[in-house]
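Dear colleague,

I am passing on the structure below, and I would be glad if you could look it over before reading the notes that follow it.

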Amino acid sequence: MPAVSKGDGMRGLAVFISDIRNCKSKEAEIKRINKELANIRSKFKGDKALDGYSKKKYVCKLLFIFLLGHDIDFGHMEAVNLLSSNKYTEKQIGYLFISVLVNSNSELIRLINNAIKNDLSSRNPTFMCLALHCIANVGSREMAEAFAGEIPRILVAGDTMDSVKQSAALCLLRLYKASPDLVLMGEWTSRVVHLLNDQHMGVVTAAISLITCLSQKNPDEFKTCVSLAVSRLSRIVSSASTDLQDYTYYFVPAPWLSCKLLRLLQCYPPPEDGAVKGRLVECLETILNKAQEPPKSKKVQHSNAKNAILFEAISLIIHYDSEPNLLVRACNQLGQFLQHRETNLRYLALESMCTLASSEFSHEAVKTHIETVINALKTERDVSVRQRAADLLYAMCDRSNAKQIVAEMLSYLETADYSIREEMVLKVAILAEKYAVDYSWYVDTILNLIRIAGDYVSEEVWYRVIQIVINRDDVQGYAAKTVFEALQAPACHENMVKVGGYILGEFGNLIAGDPRSSPLVQFNLLHSKFHLCSVPTRALLLSAYIKFINLFPETKATIQEVLRSDSQIRNSDVELQQRAVEYLKLSSIASTDVLATVLEEMPPFPERESSILAKLKKKKGPGVVPVSELEDGKREGGELNGGGDRGPDSAMSSTPSPSADLLGLRSAAPVSAAAPSAGSLLVDVFSESGAGGPAAAVNDDGFLRFVCKNNGVLFENQLLQIGIKSEYRQNLGELPGFSASAVPPLSVPSGLGDGDLNVQTKPVEPLVEGGAQVQQVLNIECITDFSEAPQLNIKFRYGGALQNITLKLPVTINKFFQPTEMAATDFFQRWKQLSQPQQEAQKIFKANHGMDTEVLKAKLLGLGTALLENVDPNPENYVCAGVVQTKSQQVGVLLRLEPNAQAQMYRLTLRSSKDTVSKRLCDLLAEQF
Amino acid sequence: MRFMLLFSRQGKLRLQKWYVPLGDQEKRRLGRELVQTILGRKAKMCSFLEWRDLKVVYKRYASLYFCCAIEEQDNELITLEVIHRYVELLDKYFGSVCELDIIFNFEKAYFILDEFLLGGEAQETSKKSVLKAIEQADQLQEVRAVSIEDLSLTAVVLS
């Protein structure tokens with residue numbers, strides 16, 4: 001029986017709950033529940049009309065059963081009936097049932113909405129609150145449709161009771177979050193802001209949540225809230241602990257409201273009005289001062305409430321990032337918390353310091369706490385706190401302390417929790433690369449990583465070390481020596497074998513002079529690991545062997561014998577078998593010259609941002625990796641992070657197929673390493689397309705698709721889609737590019753880099769709703785001919801993390817073409833006039849997209865030139881003419897495209913009065929057919 | 001706040017309040033997972049943890065765990081005090097509350113929570129005001145609320 005039965009106490013319900021509690025087994029419980037369900041069903045279906053009390057009791061039982069985790073498929077109608085009861089408790093239970101078991105049954109929704117409507121218009125505050133609670137709890141679109149217009153009126157009406165205002169504010173917030181399109185801004189919005197001045201603290205507390213959410217989405221409309229919030233905050237902060245009566249919580253005046261005011265201010269930049277700003281800085285200083293005062297109570301509630309405000313104030317200081325004095329004070333305060341006896345405070349201090357580390361004003365101050373943080377990493381008993389410590393070490397790392405931090409993280413890895421190892425590995429790999437001064441340290445670090453946590457070293461990490469070794473000849477000998485030594489260990493991780501196999505295959509010759517690491521010793525060492533490895537690693541080793549044959553002819557016989565053995569040449573795995581057969585054949589029939597060409601040392605990789613970084617970002621999701629590292633990368637000018645910052649999608653591109661062929665010797669035709677784009681994965685495991693410089697790697701594909709067309713989707717990932725619509729007239733272009741995001745919310749201040757173009761942008765709304773589109777119009781004037789397309793840098797925040805996408809805008813020189821019609825004689829006369837060698841650019845290339853006549857014509861028309869019929873004596877050929885209009889000059893261009901269907905090849909010739917134009921057009925067009 | 005759960009040391013859910021729309025299956029799955037995660041933690045550990053893409057704040061009172069899942073930008077410490085204030089409200093209403101009170105009067109636990117938090121945000125932080133609203137409602141049990149006159153009378157009597 002119940003220990004307490006407050007209120008009206010439904011006896012039958014209490015008995016039922018007792019019964020359930022007395023059930024000895026799950027089966028017994030289910031049996032009892034089924035019995036009850038049958039009973040209730042019969043009552044609901046029975047002839048006798050149930051009185052309100054019984055209905056309430058049964059509905060409440062159903063609710064209890066549902067909350068136990070069982071499905072309920074009836075009783076909704078009875079619950080809806082209760083809504084129109086004039087007994088408060090019956091109504092209340094009805095609403096509770098509806099709130100918990102929302103049903104999308106449209107008939108019911110209509111009935112529910114009707115009951116709510118009645119209660120809202122009852123002018124009975126208790127009933128109104130019940131109805132508002134229900135809307136806030138359900139928050140469905142149907143309810144938003146029905147009430148989004150009504151609730152703002154209730155909220156700002158002069159005669160609404162305070163308690164109803166409170167409910168209405170939060171009810172509206174819920175509807176706005178669920179269906180922002182249905183809550184229309186209007187005359188009420190300005191009055192909502194003034195609720196910040198309300199006499200009743202409860203009203204302010206409820207209203208500020210709504211105002212904060214609305215301000216995030218419509219900052220301009222709610223700007224006036226800043227000064228109101230500052231003055232409200234200032235009044236609270238300076239009040240004595242008893243002034244606010246029941247809103248004082250354990251001697252802290254209005255902690256909830258204070259936190260929310262500080263949070264609201266974080267939606268805006270620092271106040272421009274000097275007086276307001278002064279007042280705010282004073283508040284922040286007072287809050288920091290109070291942290292140093294002796295506590296007014298020993299209760300943890302007192303310190304929690306006080307520190308909640310302090311942390312929120314520090315967040316605001318970090319958000320402003322403009323007051324060095326406050327930033328350093330904040331850092332010192334957090335430094336004290338790092339050694340606090342409360343685990344919660346240590347956790348929060350570590351977390352908050354992470355963001356402080358990215359401010360240039362406080363980065364140095366954060367660094368002074370390095371020993372404490374390292375100590376936390378070693379001694380904290382809670383893994384989530386250790387995780388924060390590791391995050392902070394990562395955030396505070398720079399050239400001056402990288403060696404120490406990397407060493408500490410490595411030694412922590414040996415005992416680290418499994419749950420965080422992979423992330424730790426990525427972080428160590430990134431720091432080691434970013435701050436490597438001498439690359440032997442880098443190589444040592446990565447090999448240590450593999451040794452300590454080989455299972456957690458992902459492909460990105462070991463690809464990266466290979467990429468770096470290939471690109472830096474000063475470290476190749478050292479790397480070969482080190483992997484050779486590492487492979488001596490009796491049990492070494494498979495990832496070590498991969499790195500070892502690759503590096504010795506490329507640079508084994510650099511250590512072959514030492515008899516202790518002679519070619520045969522190297523080979524035997526590698527081969528001793530062969531049988532313990534998985535198929536992909538074995539495939540890699542086979543490729544290393546063929547490289548050995550080239551590097552060290554003296555190993556040829558031994559290796560051929562290995563390749564010839566049944567376990568290789570008849571291996572059940574086709575990939576291995578094929579390699580064995582082909583390598584054996586290659587080594588027997590090819591001359592030394594051919595062999596040397598085919599197996600030449602790998603060419604350097606294009607340098608660009610590490611894909612490990614992208615992987616870490618992906619792994620951690622938005623908001624966890626400090627933004628600082630992106631900026632850091634630039635500030636420190638990390639030599640290897642040459643490429644532009646990239647969108648979050650780039651990690652995907654670097655995951656090759658399982659039989660990743662590291663030596664670029666794939667399938668039937670062994671290709672020379674010098675022909676990088678021929679399908680070999682290692683050639684460019686870090687980018688989706690082999691073509692293009694590092695900065696363009698993000699969207700070269702997308703970019704090239706726009707040479708012959710003006711509209712389409714330029715870029716798409718999980719967060720946003722960027723489409724392009726463009727129109728060109730002479731030397732002017734207009735790009736009302738549109739971007740649509742799939743996930744809310746993000747803000748898109750974007751920047752354009754331009755050269756010989758004059759690009760003007762129209763500002764866009766700083767916030768993009770999920771699923772919404774914003775349009776940004778770019779007006780472009782072509783000043784003179786150009787070859788580099790302007791870049792579009794899109795920076796936005798999503799889930800707190802700064803996202804950065806660099807795209808090439810599809811603005812190419814041909815966009816400024818004016819078509820020129822001319823007869824055959826004119827054409828050939830001009831063709832001859834443009835006969836100087838630099839005026840012509842020619843390319844012969846393979847057809848990539850079939851050779852369909854209509855498609856070709858469409859493309860040539862899309863190019864912007866006039867397609868001239870009956871000009872070329874050979875009807876298979878295409879000739880075009882046009883004038884490139886730039887502000888400074890006009891450049892006449894003639895084009896001739898000669899398809900050879902048999903060979904599936906084209907010859908493309910361009911002649912123009914300006915050599916750069918011919919060349920650029922030729923380059924662009926060669927990719928199009 | 002995304003949701004709030006109350007559960008016993010044995011992992012039995014005693015109260016669940018969801019402030020984001022989710023299917024029943026999803027709610028059950030999330031609830032089970034989070035309860036296991038928290039029960040697996042040792043006493044004296046930090047009250048905050050990262051869980052999926054959320055921050056979780058929890059505290060144990062006697063045999064009951066109170067647990068809130070909050071957004072990235074929400075304040076952990078003030079959430080701890082949200083929990084504490086709710087416990088205080090229950091305590092005051094039931095008179096040194098215990099798990100059984102919440103089991104047998106689960107509907108009251110929901111009503112009190114709705115007065116305190118709405119849509120995941122603090123509606124009324126004053127203990128007195130919340131309790132007054134709840135007690136007023138209790139007084140209304142058998143009062144036929146037909147007209148405003150009747151109600152305002154009750155209000156006068158109560159105050």
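**Where the two chains meet**

Glu121(B) forms a salt bridge with Lys177(A), and their closest N and O atoms are 4.0 Å apart; a salt bridge here is a side-chain nitrogen of Lys or Arg within 4 Å of a carboxyl oxygen of Asp or Glu. Between chain A and chain B the count is five salt bridges. On the side of chain A that touches chain B, the residues divide into 36 nonpolar, 27 polar and 18 charged, where Ala, Val, Leu, Ile, Met, Phe, Trp, Tyr, Cys and Pro count as nonpolar, Asp, Glu, Lys and Arg as charged, and the others, Gly among them, as polar.

Please keep in mind that this is a predicted model, in which local features need pLDDT of at least 70 and side-chain atom pairs count only at pLDDT 80 or more, while totals for chains, interfaces and linings use all residues. Residues are numbered from 1 along each chain as its sequence is written, chains are lettered from A in the order in which they are written, and side-chain values use heavy atoms, with hydrogens and water left out.

The contact (heavy atoms within 4.5 Å) takes 81 residues from chain A and 64 residues from chain B. About 6,300 Å² is buried between chain A and chain B, and carbon and sulfur atoms give 55% of this area; buried area is the accessible area (1.4 Å probe) that two parts lose on being put together, summed over both.

**Chain A by itself**

Of the 929 residues of chain A, 56% count as buried, meaning under 20% relative accessible area (1.4 Å probe, protein chains only).

Best wishes

Conventions: Buried < 20%, exposed > 50% of the residue type's maximum accessible area, 1.4 Å probe, protein only.
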